[in-house]
Amino acid sequence: MPAASTTDPALHASAFLSAARGEPVTHTPVWFMRQAGRSLPEYRALREGVSMLESCMRPDLVVEITLQPVRRYGVDAAIFFSDIVLPLKAVGVDLDITPGVGPVVASPVRTLADVEAIPDLTPEHVGFVTESVRALVGELGATPLIGFAGAPFTVASYLVEGGPSKDHARTKAMMFGAPEVWAALMAKIAGIAAAYLEVQVEAGASAVQLFDSWAGAVSRADYEQHVMPWSAQVLERIGATGVPRIHFGVGTGEILDLMGAAGADVVGVDWRVPLAAGIERAGGRAVQGNLDPTLVFAPTEVMLERAREVVEVGRTAPGHVFNLGHGVIPATDPDQLARLTDFVHEVSQR
Ligand code: 1CP
């Protein structure tokens with residue numbers, strides 16, 4: 001099945017997909033990383049008594065949770081409700097998503113045998129994803145659905161550490177000290193991520209985002225040698241589908257050019273990097289970002305003034321998708337995000 005965006009002219013011409021392709025837009029498109037989730041009362045109500053993993057595997061819940069922020073804010077794109085560890089769970093890795101903590105892996109990966117024990121992903125592992133994406137694309141009409149996966153480094157960090165980590169010490173110890181195990185692990189995750197993204201695109205997602213949230217933990221030289229080749233493999237495989245590829249990480253100012261060169265169409269910029277510098281480093285690619293996610297806690301006029309600067313600088317890029325510089329913080333007041341969406345739409349009218 002061809003990507004829905006190639007057969008639906010209104011979807012193809014949407015502001016989000018146009019900006020991602022670096023084409024002219026009627027207004028700057030907006031969406032928010034983690035726009036679904038705990039900041040929304042309607043999400044918290046729906047999740048009552050349902051575990052995070054279960055909610056990701058039930059198409060009725062995935063569809064409803066994904067649509068909630070689209071209805072509430074009128075954002076220009078939906079992002080598939082899931083988590084970066086979901087494909088691992090689907091192939092049989094023993095893990096859970098613990099409330100207030102995040103992903104926890106029962107038996108952390110430390111040896112080549114541990115890596116080889118992880119099955120490759122086939123579409124049969126994630127039938128619920130195909131079903132959810134198809135249903136969503138039908139509901140969304142001309143609003144694009146962004147599929148996503150975790151990039152090899154970020155997913156490796158959860159597998160090797162066994163859970164969230166500040167310094168990623170064991171992960172980097174494997175990278176430095178056991179390069180053959182590291183390479184096998186990165187190749188394994190790259191294959192899973194690419195297959196998982198292909199399933200989403202095949203079912204109708206019209207763009208993808210590769211989240212390498214923790215790639216900022218490594219030096220530029222180590223990124224180039226030990227991380228980038230596998231992210232590039234994932235992006236190259238998805239390139240064959242023709243959908244725009246967004247590549248995002250946090251604290252990645254020093255490697256933004258490489259994240260673009262890895263095979264992105266849109267480079268995600270966090271809030272620490274001045275957007276103008278991000279545009280420069282993206283090397284002719286479109287950019288996404290980068291309002292500081294804590295600005296929602298400032299007085300509305302302060303938040304909007306900063307948003308205006310992001311929109312204005314964004315106009316100098318080949319394409320700009322407005323977003324926060326990282327995910328929505330759970331304590332965020334949804335009314336602030338509603339004001340922000342309306343404001344960006346209004347001030348960016350062409
Ligand atoms: O609308 C959306 O964007 C929500 C869908 C979504 C996405 C894109 C979720 C739901 N998780 C993710 C990606 C994800 N998961 C990333 C990459 C994005 C980022 O950098 O924020 C990462 C690093 C994770 C791992 C993860 N899952 C964490 C972080 C832990 C750490 O290392 O600090 C946490 C807390 C989770 C759980 C999770 N995922 C998603 C939700 C709504 C939650 C909270 C679970 C709950 O309700 O109990």
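In what order do the strands of the open sheet stand? The sheet has 7 strands in the order β1-β4-β5-β6-β7-β8-β9, with parallel pairing. β1 (78-79) and β9 (320-324) stand at the edges with a single partner strand each, so one side of each has no neighbour in the sheet. The structure is a predicted model, in which local features need pLDDT of at least 70 and side-chain atom pairs count only at pLDDT 80 or more, while totals for chains, interfaces and linings use all residues. Residues are numbered from 1 along each chain as its sequence is written. Helices (H or I, at least four residues) and strands (E, at least two) are DSSP runs, numbered from the N terminus. Two strands pair if DSSP finds at least two bridges between them.

Within the sheet, strand β5 (residues 207-211) runs parallel to strand β6 (residues 245-248), and 4 bridges join the two. Gln 209 stands opposite Ile 246 in β6. Helix α12 (residues 179-203) packs on the sheet, where α12 touches β4 (145-150) and β5. The direction of α12 makes about 170 degrees with that of β4. Axes are lines fitted to C-alpha atoms, for helices over the stretch in contact, and angles run from 0 to 180 degrees between N-to-C directions. Contact between two residues requires that their C-beta atoms, placed from the backbone, lie within 7 Å.

Helix α12 also packs with helix α13 (residues 220-239), at an angle of about 25 degrees and with the axes 9 Å apart. The two helices α12 and α13 are therefore roughly parallel to each other (angles under 35 degrees count as roughly parallel, over 145 as roughly antiparallel, 65 to 115 as roughly perpendicular and the rest as oblique). Their crossing is right-handed (the near helix is turned clockwise from the far one by less than a right angle; anticlockwise is left-handed). Residues in this contact include Trp 182, Met 186 and Leu 197 of α12, and His 226, Trp 230 and Arg 237 of α13. By class, the contact of α12 with α13 has 11 nonpolar, 2 polar and 2 charged residues. Ala, Val, Leu, Ile, Met, Phe, Trp, Tyr, Cys and Pro count as nonpolar, Asp, Glu, Lys and Arg as charged, and the others, Gly among them, as polar.

A further partner of α12 is α9, with an angle of about 35 degrees and axes 8 Å apart. The crossing of α9 with α12 is right-handed. Val 129, Thr 130, Val 133 and Arg 134 in α9 meet Val 199, Gln 200 and Ala 203 in α12. Helix α9 (residues 127-140) packs with helix α6 (residues 59-73) as well, at about 40 degrees and with axes 9 Å apart. That angle makes α6 oblique to α9. Among the residues that meet are Pro 59 and Val 62 in α6, and Phe 128 and Glu 131 in α9.

The ligand is surrounded by 21 residues, of which Ala 36, Gly 37, Gly 102, Pro 164 and Ser 213 are the closest. The shell divides into 12 nonpolar, 6 polar and 3 charged residues.

Two backbone features remain. The peptide bond from Gly 289 to Asn 290 is cis, with omega near -10 degrees, and Asn 290 lies in strand β8 (residues 286-291). Arg 34, in the loop between α3 (15-20) and α4 (41-47), has phi near 60 degrees, a positive value in a residue other than glycine.

Terms used:
Near = placed C-beta within 6 Å.
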